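Colleague: I have the model open. Can we walk through it together?
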Amino acid sequence: MPATGDGRAPGAADLPGAHGAPVGHARKRPATTGPVTAPPIPHPRSQALRAAHAAHPSHIAEVAPAPGPEGPADGAAPLRLLVIEDDASDAQLIKAAAADSGTSIEIHWARGLDQAIAQLARPALANRRGRSRGPEFGCVLLDLAAPADLPHPSDSSDGLEGLHELLRRAPHIPVVVLTDAAGAELGAAAVAAGAQDFLIKHETDGPLLARALRYAVERKRADESQRRLVEAELRGQENARLQRHLLPTPLLDGAGLSFTRRYRPGRRRALLGGDFYDAVRTDDGTVHVVIGDVCGHGPDEAALGVALRIAWRTLVFAGLTGETLLTTLQHVLEHERRSDEIFATLCMLVIAPGGSDSALDSLGTGETARLYLAGHPAPLLLGRDHEPVTLPADLAGPALGLLPCHDGQAAWPAHEIELRPGWRLLLYTDGLIEGRVGAGSRRLGQDGLAGLVGDHQAAGLTRGRLVDSAIAEVEELNGGALTDDVAVLLLERNPVQLILG
């Protein structure tokens with residue numbers, strides 16, 4: 001910035017008559033036509049302080065109030081502006097422009113980038129040490145001609161090494177750069193490099209300075225909001241991929257079964273809930289199916305459900321079954337849950353292989369299965385010639401995690417069932433039957449679900465269409481989407497190759 005051109009000392013640019021001049025230009029004094037009133041004699045100490053501030057702008061911290069005897073009309077806190085400027089006369093002209101800006105601006109000075117970085121780092125350092133800290137700077141005004149103080153500049157050829165370092169060390173602070181008329185292209189390059197705006201020194205007056213600072217703050221806030229939005233979208237996509245991969249892929253090759261599954265978490269914008277399911281076929285031809293529900297609806301319950309499902313599959317392939325498997329699974333639950341109040345209901349079905357080596361030949365013969373219930377609703381047996389029947393639940397044991405296993409209080413005996421040729425089994429979690437029926441407090445329940453599924457089955461619906469239509473009617477009766485997690489499995493003996501729906 002050029003010094004004042006009227007013979008005054010550089011430090012006198014803040015005297016009356018200097019306000020309102022563009023940065024880098026002195027305002028001409030108007031001619032006086034009447035009697036001139038001599039200004040009051042300033043106090044000697046104030047003159048000494050003013051001279052010291054002019055000589056050392058890095059120590060100045062002044063508020064340039066809006067015009068008017070009462071300051072800002074809205075009572076808002078002043079904008080804390082850090083000016084990086086090594087020329088004392090230019091610093092005073094910035095102060096004068098800020099005073100005529102109509103905005104309350106608290107100006108702090110730094111001669112170079114080292115002093116600026118030190119001042120910007122103080123609030124963060126105080127916060128890390130648990131100390132009270134003052135307000136942070138709202139904006140930085142950087143003169144591109146100010147010394148960068150960089151021992152190893154990253155790129156000394158573009159004239160923006162100071163800006164690069166400032167953006168690297170204080171990325172959250174909006175920056176406006178100052179340049180002369182010949183450096184307008186450099187100012188545009190600074191904006192492209194990350195500054196929020198640039199000003200030409202001799203064209204900048206108070207209102208333009210205030211507008212540039214205000215727009216810079218808003219642009220930085222908008223950029224930060226956009227950045228957080230993009231980060232949230234990326235995290236959401238990553239979480240969706242992770243949750244999708246945590247859903248099981250049934251391993252039923254060679255079983256001659258069709259397997260239809262539907263899974264709807266109760267949490268909004270989630271793909272995984274506390275419900276879990278799985279189905280595998282072991283080397284001896286036995287088919288193992290499980291469906292369960294961890295109490296609660298949060299991400300912790302979803303993670304616990306995944307842990308239980310993976311543990312169940314591992315234990316099945318390790319050769320465990322029946323009560324031994326469920327006892328071990330309860331131990332896993334007890335070690336993985338965050339509190340003793342967390343429990344999980346579970347339904348496990350073990351279908352013995354048919355007497356024939358061929359799945360096609362086994363269709364003409366009945367099959368046997370063992371049903372284990374741990375506080376879970378019993379499945380529906382969907383026959384071709386009768387209404388759906390709820391399987392017996394008189395041998396059901398407690399939910400996993402409710403009673404200790406070591407003293408024999410928790411027991412899950414098997415219930416032997418016969419499966420006729422062409423059988424179909426519908427397994428589900430309680431989220432499907434706890435929906436309301438109408439405006440009252442009546443719940444759908446197992447009997448209501450059996451009648452509902454029977455009507456859809458009589459209409460000729462099968463497999464995925466049967467499951468989807470049943471869920472849709474349950475939601476319609478409930479008056480909207482179900483709030484609890486819902487998992488539904490339809491397992492049926494199929495004369496063709498395995499079908500997953």
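**From the whole chain to single residues**

Colleague: What share of contacts between residues at least 6 apart in sequence join residues at least 24 apart?

Modeller: This is a predicted model. Take the contacts in the protein chain between residues at least 6 apart in sequence. The share joining residues at least 24 apart is 71%.

Colleague: How many helices and strands does the chain have, and what percentage of its residues is buried?

Modeller: The secondary structure comes to 10 helices and 17 strands. The protein chain has 501 residues. The buried part is 45%.

Colleague: Which strands stand at the edges of the open sheet?

Modeller: The open sheet has five strands, paired antiparallel, in the order S8-S9-S10-S11-S14. An edge strand here has a single partner strand, so one of its sides is left without a neighbour in the sheet. The twist averages 15 degrees from one strand to the next. The edge strands are S8 (275-281) and S14 (415-419).

Colleague: What span should H8 have, and how far apart are its end C-alpha atoms?

Modeller: H8 has 15 residues, at 1.5 Å a residue. The expected span counts one less than the number of residues. That gives 21 Å, and the end C-alpha atoms agree, being apart by 21 Å.

Colleague: Why do the buried residues of H8 line one face, and what covers them?

Modeller: Gly 322, Leu 325, Leu 326, Leu 329, Gln 330 and Leu 333 are buried. Seen down the axis of H8, the buried residues fall within an arc of 140 degrees, so they line one face. On the other side of H8, Thr 324 and His 335 are exposed. The cover over the buried residues includes H7, S10 and S11.

Colleague: Where is Leu 403, and which residues does it touch beyond four places away in sequence?

Modeller: Leu 403 is in the loop between strand S13 (389-390) and S14. With a relative accessible area of 31%, Leu 403 is partly exposed. Its C-alpha atom is separated by 9.5 Å from that of Gln 330, 73 residues apart along the chain. Leu 403 touches Gln 330, Pro 398, Gln 409 and Ala 410.

Colleague: What phi value does Arg 463 have?

Modeller: Arg 463 is in helix H10 (residues 463-478) and is partly exposed, at 28% relative accessibility. Its C-alpha atom is 9.3 Å from that of Arg 261, 202 residues apart in sequence. Most residues other than glycine have a negative phi. Arg 463 has a positive phi, near 50 degrees.

Note on methods:
Residues are numbered from 1 along each chain as its sequence is written. This is a predicted model: local features need pLDDT of at least 70, side-chain atom pairs count only at pLDDT 80 or more; totals for chains, interfaces and linings use all residues. Side-chain values use heavy atoms; hydrogens and water are left out. Two strands pair if DSSP finds at least two bridges between them. Helices (H or I, at least four residues) and strands (E, at least two) are DSSP runs, numbered from the N terminus. Axes are lines fitted to C-alpha atoms, for helices over the stretch in contact, and angles run from 0 to 180 degrees between N-to-C directions. Buried means under 20% relative accessible area, exposed over 50%, partly exposed in between (1.4 Å probe, protein chains only). The arc is that of the directions from the helix axis to the C-beta atoms. Contact means heavy atoms within 4.5 Å.
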